Amino acid sequence: MRPSRRSRRTHSVISVRFARECNCNVVKIEQKKTEETENTFLLLAEHMKYFISATTCDLGEYRNELTRYLHKLRIDVEVQDEFQTDYRTIHELLVAKIKSCDAVICLVGEVFGGAPSDQQWDPPQSYTQLEYHIARELGKPVYLFFPKPDCPLQGSGEDSQQQRQWQQDYRATLRQEDHIWYEFSSASELHECVAQAIPDLAELARLSDSERGVWLQFPTPLAKLFAGSIKGGKDELTVLGGETLRFLALLATHDALLHGIFAADSAEEIEQLELLQHFMEDSDWRQLLRLSCPECPQRFVPQFVDWERRQAQCLDRLLELLQEVARRRGRSGDVVQRLRQSILDVYEALEFLERFVFVAVRKIDEADRTVDVQVLCGQRPTKLTLGLAAEAPIPTVKSVYLLRLDQRQAMSLQPAFWYWPTASQNDLWGMLELTLDLDQQRGQSKVAPFSEQSEVELDVVPPSVADKDSAESTLAFDQLPDTWRKSGIWGGTRSDAREDSVASPAFALLDDQSWDILHRTVLPESEADRIVGGRFQIVGQAFHRGRNADVYCAVQETGELPDGSNSQQQTPTQHAVHLLRDDVIKRPVVRTWFASRALRWRQIDHPCVLNLNKHCQPEVDRTRPFLATDQIAGRRTLASDIANGRRLTSDEINRVLRLAAEVCLIAHQQDLRVLSFPLRHFLIDANEKIWLTGFDTLVSADGGDWKKEPTPLDYFRGISKDADSLAPELSRPLLRLPENIDVFALGALLSCLRGLVLQSRHWLPLESWSDPWECLTFHCLAIAPELRLQSIDQFLRLIEEPLGCCSPLGYPLSEVLNDDSRTKMSAVVGKYLVTNSLYHTFCQSRDHPLPVHLRNLHREDHLYSRLAGPWCPVVFVHLDDAEDFARWFSHETGRIWRLPREAEWEHVATGGDEREYPWGDEPPCPGLANYDRHYRGSTVVGAFDRGRSPTGCFDLSGNVWEWCTDRCFDGAPKRVLKGGAYDFSVDTLRASNRDAAVVLARTPYIGFRLISEGSH
C-alpha cells in the first residue's frame, strides 16, 4: 500500500530515512511482528501521544482496531467516544484532550454523524470536524486516512441529505489541503499507513526546541528545507545553507530598498546591486546580506538593523563551510557535522522570524473585498479567507506580503518573492535575477523555489500589455515598487533613491477581524482551564501571548471550586493571570524560570509595581503554574499608545524612566538585575497613572540562571521574547552581571519611548550632540560598556539635570564656601569636568578647531572611539584651548570663569580637611574612581557617586588630569596637573599629588573644569 501522490510529495525525507535506518519494511510490518520492529517503533514513538478521531457508526471498528494496534506498540492513545458533562462545554472538553496530544489521526468517512448540541457554527460541525479544526487551531500535526470505495464499513448512519452534502464538502476540502493523507481498504492497510506516519511524527517529538520552532513556525520554504535537509548529508546541507543565504539576502535587501537604506553614493553598494541582474553565488548573497543590514532608521523588520554585523562570524563560518564542501567534492569528513552545526547557529540567530508571517494571495473577490490566502507559516501552509482593510489597495493574484502581527502591518514583497503554484510546488519562490529596460518598461525576472532547483522566467511588461495578456508568466512593470523600477537603484545617488522610495512601505492590509483570525491561526492559544488554582476563574481568551506564558483576564472565586456554571462571585476585582503554556510546561529550565520569576517579582517593593497575588505559588504548583496580579481596567499600555501614534512629552518620558530606574535600584539591593523594560509592561489606568508589571528578565546577578548555557543570551532566548533587545555583552560567557548591565535596558526603553529603532552604537554623530536625549540614549546603548553610564544613581541624576539642559549652557555647578586662608573667597565650581559636547558647542560658536578625537569620530580606532562620547570629559586640549573656552563661556553666561589654581582645586577636592582622597581615606577601588586602565578610557562625567568630594564635585580623582594655572616651581614652561587619570596608577589619585605638562601639551589624558569667584 502506498500513499497518494500528495502524501508522497509532502512526506518528510526524514521519515523515509528513519524507516530505512531501522531496517523495517513498512508494507509488511503487520505480518512480521518481530521484536526488533516493535522495539524500533517503541524507540521512535517514545513519549508520543495520539488523538484518534472517527465517526462511530461507520469507522468505529477501524478506530478501535487502530487503538489496539498503537497500544500494542506501547503508544499512548486518546479517544473521544463519550462525554462526561461538567461545567465545561463540549468544545472545551475536546480542547483539553487534544492539547495534551502530540498529533491527531483523523479517519474521515462519508458519514456526518453526531454533532454537539451547544455549537454555533454555520454550517454545523460534527464531532469529527470539530476535532479536526481544534487540532489545526492548536497547531497539532494532522494525519488523514480515507477509506477506499471498496473498504467494508460498519454502517451508513442516519444522515440527512444536507448533512451528507456537508460531509462531502468537508472531505473535498481536506483532500485539497496540504496534509499528509492516506487511503486504506482494510485494517491491515490502515496499519501500514500509520506505520509510515509514525517515524515522521516521532521525529517531530525528538527535535530540539530550536528545530521544532523552525519546523512549526518559520516561513514555509525555510521550514520545509530545514525539515528535509538538516539531518541529511552534505548535498542536502549545502542546498539548505545556500538557499538560507538567498532567502535572507532577498528579504533584507527588499526591506532595505523600500526604506532607502541602499540609497548611498557607494561604489561597493552599486556594484553589489548590479549583481542582481546576474546569477549569484553563495558569496554574492552573503555580501548582499551584509550591505542590507546597516545601522539605520526604522525599517519593517527592525531586527535586521545591524543584525549581519552581530552575526558576521556565524554567517562567515557558514559560507566558508559551503565553499569547503564544494572544493572537497566527494570527500566529506567532519565538514558535514560542522556545516550542520553552523546552519543550526544561523537559524538560532533567526528566531525573530517566528514573529513574522508570509501570506500569498490565491484568489480575490473585489466585490466583497476578501482574499483567499496561503499562510506560509510552518512546514505545512494554511489556507484562509480574509477581509481587506477599508483603505487597503486591492492586491494582485500571486502577490506575497510579509505581515507583522504585533503591529498589524503588511509589506509587499514583490519582486523579491513570488507565489508560483505548480503541479509539484505550491510555495514561496525567490528572485534569482532581475533585468529591466527602463525606457521600454520591460524586462525579465527569474524566480525559483527554495526547495527545488527548477526556475521560471517572468516577463516584465508595460501595464497596457499586461492588461491584454492573460499569461501567468507576466508581471506588469508598474507592479514593481518605485525603488526597484527607477534608475536610482542601479547607479543612482542617495537623494535620487530616497526621492523614488516608497513613502510608507508598511500598511494595514487586513481588517481587524481578519488580523484576529490570522493571529489565532499562526499563534494558537492553548485553551486555559476555566478555574486556576481553585480561586481564579478565567474570562475569555488570552489577551497577550508571551514566549512561554499567556496572559488571561480572571475574576477571583470566593468559595470552593464550582461544579457548574452558576458559581457566584463575591468581588468583581479583575486579575491578570499568567499561565505557563502546555507546550513548555515540561521543560525544566522554563519551570525553574517561571518559579524564580515569581520569587524575584515579590522582592520588588515599589508603589507603582503591580504585586503578585499571595495565592499563586508556581514554585510548588506542578500541574498548572500561574502568576496573578491585579488587572488595570482596559488593556491600555505604553506600547498600544505609541503604536497608535501618541508622542510622549519630555516630562512623560522622564516619569517613565524614573519609575524604571527606581525599580533597578530596588533590584540591586537584592543582587538582581532587570535586563529589559518592554513598553507592553507599562500599564496605564483611568487616572493616567503608570504601573509596571512583567519582569521576564529579572535575574540574579550571580549567573546561576544560565550556568548550564554557553552564554546568558542562549538562556534568555528560551525564556523571553525580548532577547534581541538585551545588552550585547550577554552574547559572551559571563559569570556575573556587571553593575551597569541594566543601564542598557533603560537605554532600550528610552529608544522605544521616543519611537526610535533600538540599536547599540559605536559613536554618536556630532549633529546629534545638541539633543540631551540623544546623548543620554547613546551613553546607555554604547557598544563598549565602559562608555555607558556606570550606575543607576548616575542615570537618575542625569535625567534630573541632563547636561545641556540645566544651568546656562549645561554646566551644573557646586557652590564652595571657602574659608581657607589661602583662597579667602567664596566660589562656584563646575560639578563636572567640561564635556566633549559643551566643548563642541564652543568650537562651533568660535570656529575653533575640534580636538583630534572629535575630528576622527567615525574611526574604529580604539583610542578615539573610547574618548569621543558626548558626555565624556574633553581631552586633547592644551592650556590655551582651555583658557579660550573660559573666555567664551564668560561671554555667554555674563559671569567671569577661569581655570582654578592648585590650592583652590585641592580645597574643592577635600572641603578643606586633611582627607587623602575626595571621598575620604578609604583606599581607591574601581567603584570610587576611574584609574589604572580599569575602564579602558575615560568615563561619562559623574560616574562615581561614592567618589564625590565634600563640595559635591565629581571626578576629582581619576578619569582625566585637570589643568591648573600654577607654574612649576623649577621655572620650566609647565603648568600643574591635578587628579590623576584613567591610564595612571592609584598613587596619582591623592588630592595632594601633582604632575605637570607644557602649556601646549595636547594628550588623551588631560581635561579641565572651571571655577568662578562669588556665589550663585
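Biologist: Which residue of E7 is the bridge partner of Ala 360?
Modeller: Gln 374 is that partner. A word on the basis: this is a predicted model, where local features need pLDDT of at least 70, side-chain atom pairs count only at pLDDT 80 or more, and totals for chains, interfaces and linings use all residues. Residues are numbered from 1 along each chain as its sequence is written, and side-chain values use heavy atoms, with hydrogens and water left out.

Biologist: How do you know that strand E6 and E7 pair?
Modeller: Two strands pair if DSSP finds at least two bridges between them. Strand E6 (residues 356–365) and E7 are joined by seven, so they pair, and they run antiparallel. Asp 365 faces Thr 370 in E7. Strands here are DSSP runs (E, at least two residues), as are helices (H or I, at least four), numbered from the N terminus.

Biologist: What takes a positive phi in the hairpin of E6 and E7?
Modeller: Arg 369 does, near 55 degrees. Four residues lie between the two strands there.

Biologist: What makes E7 largely enclosed by the rest of the structure?
Modeller: Count its buried residues. Buried means under 20% relative accessible area, exposed over 50%, partly exposed in between (1.4 Å probe, protein chains only). Five of the seven residues of strand E7 (residues 370–376) are buried, so the strand is largely enclosed.

Biologist: How many bridges link E7 and strand E8?
Modeller: Six, in the antiparallel sense, with E8 spanning residues 382–387. Val 373 has Leu 384 in E8 as its bridge partner.

Biologist: What is the order of the open sheet that holds E8, E7 and E6?
Modeller: The order is E8-E7-E6-E9-E10, with antiparallel pairing throughout its five strands. E8 and strand E10 (409–412) each have a single partner strand, so they stand at the edges, with one side left without a neighbour in the sheet. From one strand to the next, the twist averages 35 degrees.

Biologist: Why is H12 called oblique to H16?
Modeller: Start with the angle. Helix H12 (residues 234–258) and helix H16 (residues 312–328) have axes that come within 10 Å and cross at roughly 140 degrees. Axes are lines fitted to C-alpha atoms, for helices over the stretch in contact, and angles run from 0 to 180 degrees between N-to-C directions. Under 35 degrees counts as roughly parallel, over 145 as roughly antiparallel, 65 to 115 as roughly perpendicular and the rest as oblique. The value falls in the rest, so H12 is oblique to H16.

Biologist: Which residues of H12 meet H16?
Modeller: Lys 234, Leu 237, Thr 238, Gly 241, Gly 242 and Leu 245 do. On the H16 side are Leu 315, Leu 318, Leu 319, Leu 322 and Val 325. Contact means heavy atoms within 4.5 Å.

Biologist: What sets the label for H24 and H28?
Modeller: The axes of helix H24 (residues 650–669) and helix H28 (residues 792–800) cross at roughly 160 degrees and come within 9 Å. That angle makes H24 roughly antiparallel to H28. Among the residues in contact are Leu 657 and Ala 661 of H24, and Phe 795 and Leu 796 of H28.

Biologist: How is Gly 937 classed, buried or exposed?
Modeller: Gly 937 is at 2% relative accessibility, so it counts as buried. Gly 937 lies in the loop between helix H33 (902–910) and strand E27 (961–967). Beyond its neighbours within four places in sequence, Gly 937 touches Arg 866, Asn 930 and Tyr 982. Its C-alpha atom is 9.1 Å from that of Ala 981, 44 residues apart along the chain.
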